Amino acid sequence: MAIQLIIAITILLFFLAAIMLISALRFARPVPEYPYVEMEEVDGDVLAEHLSEVIRVRTIAAEELTGTQRDEYLSLHRTLLKQFPRVHTALEVRTSQDLSLLYIWPGRNPKLPGVLLSGHYDVPQVNPKTMDQWKAQPFSGQVQEGFVWGRGTLQGKGQMVAILQAVEILLRKGCIPERTVYLAFGHDCLSGGRMGACRTAVYLKKAGVKLEVVLDEGDWIANAHLPGMTGPAAMLGVTERGHIRFDFKTQNTNRNDNKVGILSRALTRLTDHPLPVSLKEIRDSYRGLVGAIGYPQQVVFANAWLLGPIAKWLIQKQPAAEMRSRTQFVPVRFDGSQERAQAEVDVFLMPGETIAAVSDHVRKAVQDERVLFQAQSDRAWEAPLMASSQSPAYQTVERAILELYDGIPVTPVVQPWPGDARFYTSVCKNVFRFTPLFVPPEDDLQADGVNERIRIKSLVKMAQFYIRLLQIWGVSNS
């Protein structure tokens, strides 16, 4: 009897193993192949000088701009006008709040839905404590050692200059788009986008504009965003996490109560009761990582029905992966005194989560009537609708990536941070997020942004990507 049981278990295990291996082979999405395309030539020296000049304009993000800051933003407009004369002659230019920019390049066929490239030009502040660590001053725009140095080279401005240079080159060649092309550059992306991209999207909607596809900034081409990655892959965002900022404060406490302790314990309970990891979105990401992940991870995520606990364990070991699979709570401020304690906590919501459900989770986790929490109305939105990775629109972006980056895997992901892209879901269902930039490990970029810089060769490839994408979208000289 025992022998028969052992045989039966062995047969069952072999059967399960065979099912899992077959499932892993069928799970992987092969990389599409496209014929070789010769990329347009882009003058790296000219592109570097343009970006250098743009970096020297201090468009530092702020909740409310002073008059001096507004002057800097308007100075950037004048710089772009000088650098890209054809763009500013052939395209209509509109502004939102006199600061965000919308360029309109009319197409031959106005009945076709348009396409939109989105970016921003506000940049993060530089921590004064790190200034002495910069090899080149953050707003110097210094060009040296094959790099352009400065704040915004990787975050916003590099992408904006690459897009405008791509259009300038196509105009110089006499190209005209088949469908109308829109270029939108926000001035307040880092402070929420409500005065910039939000108003641009409202204008487009009121004007009855229909868009086939939107591409905003997003993840770079990366080596190690997900567990088991063995090579670079293009992470193409099909949605992003939502966001809530909660205000916490103590209330109805006794005079001798330790308010700081009460609130600290409440936030600790919130940390100790996280929302569960979701495998749905990240499993879709693994499907597109053929050639860029190890086979064991492919087996695990292909068989999440059985190996789900292992998949979640792998995700929880890597912060970059956890950000794409879990709603997270991040304290951003804590103040306390004998009279009152208060704090702010950012929540980043996964697709499918709702503000109401997360609020209920917070209430159950805190379990203390002496702690009041409330969402800031202007900093609360749920994750936008997810664009389809099976759509023709997705395939156009994927094709441009594959043609430029020699067959590198392209996979759909949830973008962990909010951007301007979410506003354009009101006028387009195919909204994607991607920055066509590969940063090799030897560049040793620092997490706090010190010594931010971009390789001139990488900047050239970015411009070539946008040229090729616009050609795929129908921009030609025929």
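Biologist: What do the buried residues of α9 pack against?
Modeller: In this predicted model, they pack against α1 (2-27), α8 (280-287) and α10 (304-316). Buried means under 20% relative accessible area, with exposed over 50% and partly exposed in between, using a 1.4 Å probe and protein chains only. Helices (H or I, at least four residues) and strands (E, at least two) are DSSP runs numbered from the N terminus.

Biologist: Before we go on, how far do you take a predicted model?
Modeller: Local features need pLDDT of at least 70 and side-chain atom pairs count only at pLDDT 80 or more, while totals for chains, interfaces and linings use all residues. Residues are numbered from 1 along each chain as its sequence is written, and side-chain values use heavy atoms, with hydrogens and water left out.

Biologist: Back to the helix. Which residues in α9 are buried?
Modeller: Q297, Q298, V299, V300, F301 and A302. That is six of the eight residues of α9 (295-302), so the helix is largely enclosed by the rest of the structure.

Biologist: What aromatic pair does F301 form?
Modeller: F301 is stacked with Y286, at 3.8 Å centre to centre and 10° between the planes. Rings of Phe, Tyr and Trp (its six-membered ring) pair if their centres lie within 6.5 Å; planes under 30 degrees apart count as stacked, over 60 as edge-to-face and the rest as tilted. Y286 is in helix α8 and F301 in helix α9, 15 residues apart, and the pair links distant parts of the chain. Y286 is buried at a relative accessible area of 1%, and F301 is buried at 1%.

Biologist: How many aromatic pairs does the structure hold?
Modeller: Ten. One of them is F248 with F373, stacked at 5.6 Å centre to centre with 25° between the planes. F248 lies in strand β11 (242-250) and F373 in strand β14 (371-381), so this pair ties together parts that are 125 residues apart in sequence.

Biologist: Are F248 and F373 buried or exposed?
Modeller: Both F248 and F373 are buried. With F246 they form one aromatic cluster.

Biologist: Changing topic. In what order do the three strands of the open sheet with β17 come?
Modeller: The order is β4-β5-β17, with antiparallel pairing. Two strands pair if DSSP finds at least two bridges between them. The edge strands, each pairing on one side only, are β4 (143-144) and β17 (453-455). Three bridges join β5 (147-149) to β17.

Biologist: Which residue stands opposite W149 in β17?
Modeller: R453. R453 also lies over the face of W149, at 5.0 Å from the ring centre, and its charged end sits over the ring of F147, 5.2 Å from the centre of that ring. A charge sits over a ring if NZ of Lys or CZ of Arg is within 6 Å of the ring centre and within 35 degrees of the ring normal.

Biologist: Last one. How many residues lie between β12 and β13 in their hairpin?
Modeller: Four residues. Strands β12 (328-336) and β13 (341-349) run antiparallel and are joined by eight bridges. Within that pairing, P331 stands opposite V345 in β13.

Conventions: Contact means heavy atoms within 4.5 Å.
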